[in-house]
Amino acid sequence: MTEPLQKVLAFFNDIGIAYQLQPLAEPSFLAGVLIKNGGLCIDPEQLVQPGDLLHEAGHIAVMPTAQRHLLNDNVNESANQGPAEEMAAIAWSWAALVHLNLPPEFLFHADGYKGGSEAYIAAFSCGGGFGHPLLSWYGMCEPPGSADSYPQMKLWLRP
């Protein structure tokens, strides 16, 4: 297991994102990772991009606690997450990346984000990006312009 993957899993332990390391026999939305009942099933042998774990964890983190268990595989279908939750999950994953001091390409790798990885890196690296006003609205970070605002997080999991 790589050092960045160990760092991500330790972070999940610290903040309360449930996960299991296990072989995945069924195909999943992303290779080597499956959201099941609000937790992550991770197959380290099939996992191609460990940064994908941060994005999938973002979907779990921005879901209200009482509804988190409804998340399964394709979150758009299982829990009616839409564009707002997608943007919040991306913003959350960037905050996690910064917190873990990992390079931007770990999250926004060339194989993901429909060819927009470089644009995402540029936007978030310059303090812009998107989705973080939702994180503030959820009470997970301070509003933009405040001291210790995004990407600093007050809460890693939405209440």
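Student: Which residues does Ser93 touch, not counting residues up to four places away in sequence?

Tutor: Contact means heavy atoms within 4.5 Å. By that rule Ser93 touches Leu54, His55 and Leu107, with residues up to four places away in sequence left out. Ser93 sits in helix 4; helices are DSSP runs (H or I, at least four residues) numbered from the N terminus. This is a predicted model, where local features need pLDDT of at least 70, side-chain atom pairs count only at pLDDT 80 or more, and totals for chains, interfaces and linings use all residues. Residues are numbered from 1 along each chain as its sequence is written, and side-chain values use heavy atoms, leaving out hydrogens and water.

Student: Is Ser93 buried or exposed?

Tutor: Buried means under 20% relative accessible area, exposed over 50%, partly exposed in between (1.4 Å probe, protein chains only). Ser93 counts as buried because its relative accessibility is 0%.

Student: How many residues does the largest nonpolar core have?

Tutor: A nonpolar core is a set of buried Ala, Val, Leu, Ile, Met, Phe, Trp, Tyr and Cys residues joined through side-chain atoms within 4.5 Å. The largest one here has 45 residues, and Leu135 and Trp92 are among those with the most contacts inside it. Helix 4 supplies the largest share of this core, nine residues. Leu135 touches several residues, including Trp92, Tyr150 and Met153, not counting residues up to four places away in sequence.

Student: Thanks, that helps!

Definitions and conventions. Helix = DSSP H or I, 4+ residues; strand = E, 2+ residues; numbered from the N terminus.
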